[in-house]
Amino acid sequence: MVKICCIGAGYVGGPTMAVIALKCPSIEVAVVDISVPRINAWNSDQLPIYEPGLDDVVKQCRGKNLFFSTDVEKHVREADIVFVSVNTPTKTQGLGAGKAADLTYWESAARMIADVSKSDKIVVEKSTVPVKTAEAIEKILTHNSKGIKFQILSNPEFLAEGTAIQDLFNPDRVLIGGRETPEGSKAVQALKDVYAYWVPEDRILTTNLWSAELSKLAANAFLAQRISSVNAMSALCEATGADVTQVSYAVGKDTRIGPKFLNASVGFGGSCFQKDILNLVYICECNGLPEVAEYWKQVIKINDYQKNRFVNRVVSSMFNTVSNKKIAILGFAFKKDTGDTRETPAIDVCKGLLGDKARLSIFDPQVTVDQIQRDLTMKKFDWDHPLHLQPMSPTTVKQVTCVWDAYEATKDAHGICILTEWDEFKNLDFKRIYDNMQKPAFVFDGRNIVNVDQLREIGFIVYSIGKPLDAWLKDMPAVA
Ligand SMILES: NC(=O)C1=CN([C@@H]2O[C@H](COP(=O)(O)OP(=O)(O)OC[C@H]3O[C@@H](n4cnc5c(N)ncnc54)[C@H](O)[C@@H]3O)[C@@H](O)[C@H]2O)C=CC1
Ligand SMILES: O=C(O)[C@H]1O[C@H](OP(=O)(O)OP(=O)(O)OC[C@H]2O[C@@H](n3ccc(=O)[nH]c3=O)[C@H](O)[C@@H]2O)[C@H](O)[C@@H](O)[C@@H]1O
């Protein structure tokens, strides 16, 4: 029986391995992690991450051919294939600080694999890593190998949160990069055989190691670039009276461009887009390509501009001050159908409003009070470290309350900011909400989910990203 071990039981390791176990009943899969609470949660009824369909997959295989454990060394030693899916945060100190990927967790995993192994293994990069990481990992493994042979493969993951199970069941492609040697090809084939249980062969792409590593960074950069492009257009739409939804639709109808990923928003969030682009920028700079680095940097600059622009709209619309005003924040997760708040635009928007002394009442159906307080007090990039290394009891922000209901959040509020596109926000009783708010009552829709005309009819002053401006807002400056 082939044995797989995955180091890192996070958003990628957990769902990916659960799906491999489900689709390959004859393979034994162990997911290991240094975080005891995380593994305990994977072994309980309350999984550590919220992902539609995941509970069902885990229930079908846990205890049969899927195991979650903190006994990292035992499972690594026994495995034929070891996936590494640990954190690769942005460095906060030293060379490349603020851009380069911090490979501390990867390196310690590689050293441990070399230490405990007693048989040949295939080691698979599942984490997103800088180009040429495989070379460094190879060196660590071979210099400590005691005669054991390791083959390194790059198998980046393309799932998106909220649709992870669907994406894993039916991936657009699986990418496997390996050394172009007979041993390398054999290892690539072994991993191909795993995916071939359920992925059609023409969707399993094989490349050299460096192409696979770079393709992952490139794919995220292209996706984020689309969002920054449409968000840049949203500012121009507001200035000219065009409607960004109509523009996106018209542009996306061109089959060469396509309709997906063209929704204007308050900005993209999530654990990877910014991190991976910063990493790409750093690699370009290190390779003497400052113009290319500058090009990709713009994607992040526009994203920051969009978040600032949103905050400035809120403040300038409300008579240039939100001091002591209650602002309801609907949605804190970085997108719907996840409880993940890593790099969510809500953090920057809330901090911006708090900077202008607002009082915030926050509601998100999947995010806890503790998480929100941690996010609003944590230093940039601290979130991307294993849980037990993060500050656990930071000071709470007094002007922030978190509630479990949108009606409670909006009661007596002066304004509402919609920051996540949760479906339930589309069906709120906005007449009831309006009646219980201070007047004039404002709605700032950062996700373009409300029916602007209906809300205006109720009496709201409405701002919706990239849509023709409310008469109220027309003469207000919206400087970013
Ligand atoms: N979150 C996402 O949607 C995607 C993430 N990725 C990439 O996958 C990698 C992992 O991301 P996530 O799963 O989101 O992170 P995560 O933070 O949810 O999970 C990483 C896990 O690794 C564990 N860990 C760290 N060092 C370890 C060690 N030496 N031994 C054992 N366990 C260790 C941590 O405790 C943590 O539970 C990152 O490189 C990320 O860029 C790639 C595609 C999608
Ligand atoms: O490497 C990763 O971590 C993953 O990053 C993204 O997945 P994810 O961040 O989970 O979610 P997305 O659906 O890509 O959304 C990212 C952000 O962009 C925003 N977005 C997305 C699409 C859009 O049209 N407009 C827009 O503002 C979302 O609201 C969200 O804040 C990629 O889509 C995955 O392919 C990749 O594997």
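How many strands form the open sheet, and in what order do they stand? There are 6 strands, and the order is 11-10-9-12-13-14. The model is predicted.

- Strand 11 (400–402) and strand 14 (461–464) stand at the edges. Each has a single partner strand, so one side of each is left without a neighbour in the sheet.
- Neighbouring strands are turned by 20° against each other on average, direction ignored.
- Strand 9 covers residues 326–330, and strand 10 covers residues 359–363. These two strands pair in the parallel sense over 5 bridges.
- Within this pair, Leu 330 stands opposite Phe 363 of strand 10.
- Helix 12 (residues 290–317) packs on the sheet. Helix 12 touches strand 12 (415–418), strand 13 (442–445) and strand 14. The direction of helix 12 makes about 170° with that of strand 13.

**Ligand 1**

- There are 26 residues around ligand 1. Asp 33, Arg 38, Thr 88, Glu 161 and Lys 275 come nearest.
- Sorted by class, the shell has 9 nonpolar, 10 polar and 7 charged residues.
- An N or O atom in the side chain of Asp 33 is 2.6 Å from an oxygen atom of ligand 1.
- The side chain of Asn 87 also has an N or O atom 3.0 Å from an oxygen atom of ligand 1.
- With Glu 161, the ligand atom is a nitrogen: an N or O atom of the Glu 161 side chain is 2.9 Å from it.
- On its own, ligand 1 has 830 Å² of accessible area, and the protein covers 94% of that.

**Ligand 2**

- Ligand 2 has 20 residues around it. Phe 158, Leu 159, Ser 265, Cys 272 and Arg 447 come nearest.
- The shell around ligand 2 has 11 nonpolar, 4 polar and 5 charged residues.
- Helix 9 (residues 209–240) gives the most to this shell, with 4 residues.
- Lys 216 places a polar side-chain atom 2.8 Å from an oxygen atom of ligand 2.
- Arg 447 has an N or O atom in its side chain 2.6 Å from an oxygen atom of ligand 2.
- Asn 263 takes part through its backbone: a backbone N or O atom lies 2.9 Å from an oxygen atom of ligand 2.
- Taken alone, ligand 2 exposes 700 Å², and the protein buries 90% of that.

**Arg 342**

- Arg 342 lies in the loop between strand 9 and helix 13 (345–355).
- Arg 342 and Gly 270 are 72 residues apart along the chain, yet their C-alpha atoms are separated by 5.2 Å.
- Not counting residues up to four places away in sequence, Arg 342 touches several residues, including Tyr 11, Gly 269, Ser 271, Phe 334, Trp 383 and Asp 384.
- Glu 161 is another residue that Arg 342 touches. A polar contact of 3.3 Å joins their side chains.
- Glu 161 is also one of the residues that come nearest to ligand 1.

**Backbone details**

- The peptide bond from Lys 439 to Pro 440 is cis, with omega near -5°. Pro 440 lies in the loop between helix 17 (430–435) and strand 13.
- Phe 261 has phi near 60°, a positive value in a residue other than glycine. Phe 261 is found in the loop between helix 10 (244–252) and helix 11 (273–286).

Technical notes: Residues are numbered from 1 along each chain as its sequence is written. Chains are lettered from A and ligands numbered from 1 in the order in which they are written. This is a predicted model: local features need pLDDT of at least 70, side-chain atom pairs count only at pLDDT 80 or more; totals for chains, interfaces and linings use all residues. Side-chain values use heavy atoms; hydrogens and water are left out. A residue is near a molecule or strand if one of its heavy atoms lies within 4 Å of it. A polar contact is a pair of N or O atoms within 3.5 Å; within protein, one must be able to donate a hydrogen and the other to accept it, and residues adjacent in sequence count only if both atoms are side-chain atoms. Accessible areas come from the Shrake-Rupley method with a 1.4 Å probe; for residues, only the protein chains shown count as cover. Ala, Val, Leu, Ile, Met, Phe, Trp, Tyr, Cys and Pro count as nonpolar, Asp, Glu, Lys and Arg as charged, and the others, Gly among them, as polar. Two strands pair if DSSP finds at least two bridges between them. Axes are lines fitted to C-alpha atoms, for helices over the stretch in contact, and angles run from 0 to 180 degrees between N-to-C directions. Contact means heavy atoms within 4.5 Å.
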